[in-house]
Amino acid sequence: MDSTPLRVLFLSPYFRPYLGGIERAIERLSFQLMESPEVEAVGVLTTKYSFPPTPHPEWLDRESTSEGVSIFRLTGFPRKSLPIYSVPLVWFSPWQIRLYLDEFNPHVIHFVGDGWFWGHFWAWMWRKGRARFVFTPSYHTLPPSRAWLKPVNRLLCRGVDRVIALTSQEAAQIGQDYGVTDEKLAIVGWGASAMGEAAEGAKTPEAGIDERVTILCVGRLSRHKGQAWLLDVYRRARGSFLMPTRLVLVGRDEDAEAELRAQARTAGLEDEVVFTGELEDEGLARWYGKSDIFALFSQYEAFGLVYFEAMLCGMPVLTHEVGANRELLTHGATVVSRFDIDAAVAELVRMVNEPEYRKRLGEEGREYASSEFTWEAVAEKYLALYRG
């Protein structure tokens with residue numbers, strides 16, 4: 001590929017205003033790419049759905065963010081998606097996809113996350129030979145009910161120019177399950193950026209007079225993200241705490257929140273568990289800035305962007321050994337064995353009761369995240385891959 005400034009188009013079934021982990025990664029990478037003189041424009045081809053698949057026909061077909069990222073949204077038919085998969089299982093017009101592709105005219109088409117085979121297929125059909133295709137699948141082990149997706153991903157990996165794994169562990173799994181050769185496979189993790197006031201490790205006025213130790217968890221409220229298990233860890237640990245605490249759950253899902261509130265109420269923790277709902281960046285930054293410990297016990301994390309956001313805010317991280325956690329979280333974090341509740345309780349008690357330990361671990365994490373996981377470095381690696 002020559003030195004012509006690049007036009008990069010990301011494909012994801014979800015994007016603004018919804019921002020999950022993958023979507024936040026696309027956003028941050030987009031912002032960083034736009035800082036480069038090698039990039040002329042960045043866009044996102046997405047749908048009028050939020051996650052889990054909820055239609056939003058009121059969203060605009062086209063929009064440009066204040067930072068200059070172009071968003072192209074597809075309407076699905078019928079609007080209501082079957083509640084059996086993590087992407088909207090509805091029909092999208094191939095001609096609308098082609099219209100958007102012709103309008104943006106990308107040099108690079110970057111698939112982020114697997115599963116949206118409709119968008120991937122038609123983008124490839126309309127632009128093969130005219131754009132370079134890069135695929136970051138964000139690998140997950142597929143349960144038997146989704147085994148049908150494996151040959152789809154193998155075909156997709158075969159059709160793109162480069163396949164990008166987030167970690168070395170993921171690279172081995174992608175190579176084994178999807179038949180990707182070492183020559184075609186690269187490893188580029190996500191970056192992280194401190195958010196707003198949290199970038200300085202500052203505490204808000206409220207936090208300055210609040211003597212409670214705040215334990216923060218960020219992620220969509222769901223069984224997959226493990227908030228119910230964390231709540232049980234907190235319940236068991238609180239009797240050993242030497243100072244007042246609170247557990248803050250950032251995320252949204254009405255049904256899951258109702259169950260978690262009932263769990264907290266049964267345990268007598270209504271006054272100690274805070275439900276914030278889904279937050280915009282400003283609100284999330286405030287909680288990062290006034291929290292002391294970050295805890296998350298997902299069933300699986302391909303990368304765990306929120307861990308590094310928390311580290312950049314000076315928080316120690318408490319989690320367990322799933323996905324690439326052991327590979328990635330080598331400083332500033334305690335990684336207990338998978339769903340080892342006794343170990344998780346013991347470590348949470350130590351983090352709460354030992355301020356100096358908590359501070360030292362947080363400082364280690366901040367230094368580690370700021371030196372190893374920056375969006376500037378990630379963007380440079382992707383630019384090299386985009387150029388081929």
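Between which two elements does the loop with asparagine 105 lie? Asparagine 105 sits in the loop between H2 and E9. The model is predicted: local features need pLDDT of at least 70, side-chain atom pairs count only at pLDDT 80 or more, and totals for chains, interfaces and linings use all residues. Residues are numbered from 1 along each chain as its sequence is written, and side-chain values use heavy atoms, with hydrogens and water left out.

**View 1. Helix H2 and its buried residues.** Helix H2 covers residues 94-104; helices (H or I, at least four residues) and strands (E, at least two) are DSSP runs, numbered from the N terminus. Its buried residues are Pro94, Ile97, Tyr100, Leu101 and Phe104, where buried means under 20% relative accessible area, exposed over 50%, and partly exposed in between (1.4 Å probe, protein chains only). Seen down the axis of H2, these residues fall within an arc of 125 degrees, so they line one face of the helix. The arc is that of the directions from the helix axis to the C-beta atoms. An α-helix has 3.6 residues a turn, so residues three or four places apart point the same way.

**View 2. Asparagine 105 after H2.** Asparagine 105 follows H2. Its phi is positive, about 55 degrees, although asparagine 105 is not a glycine. The residue is partly exposed, with a relative accessible area of 41%.

**View 3. The open sheet of eight strands.** The strand order is E5-E6-E2-E1-E9-E10-E11-E12, with mixed pairing; two strands pair if DSSP finds at least two bridges between them. Strand E5 (62-64) and strand E12 (185-187) are the edge strands, each pairing on one side only. On average, neighbouring strands of this sheet are turned by 25 degrees against each other, direction ignored. Axes are lines fitted to C-alpha atoms, for helices over the stretch in contact, and angles run from 0 to 180 degrees between N-to-C directions.

**View 4. Strands E2 and E6, with H2 across the sheet.** Strand E2 (residues 39-47) and strand E6 (residues 70-74) pair in the parallel sense over five bridges. Glycine 43 has serine 70 in E6 as its bridge partner. H2 lies across E1, E2, E5, E6 and E9, running at about 170 degrees to E6.

**View 5. Glutamate 257 in helix H8.** Glutamate 257 belongs to helix H8 (residues 254-266) and is buried, with a relative accessible area of 19%. Leaving aside neighbours within four places in sequence, glutamate 257 is in contact with Leu221 and Phe275 (contact means heavy atoms within 4.5 Å).
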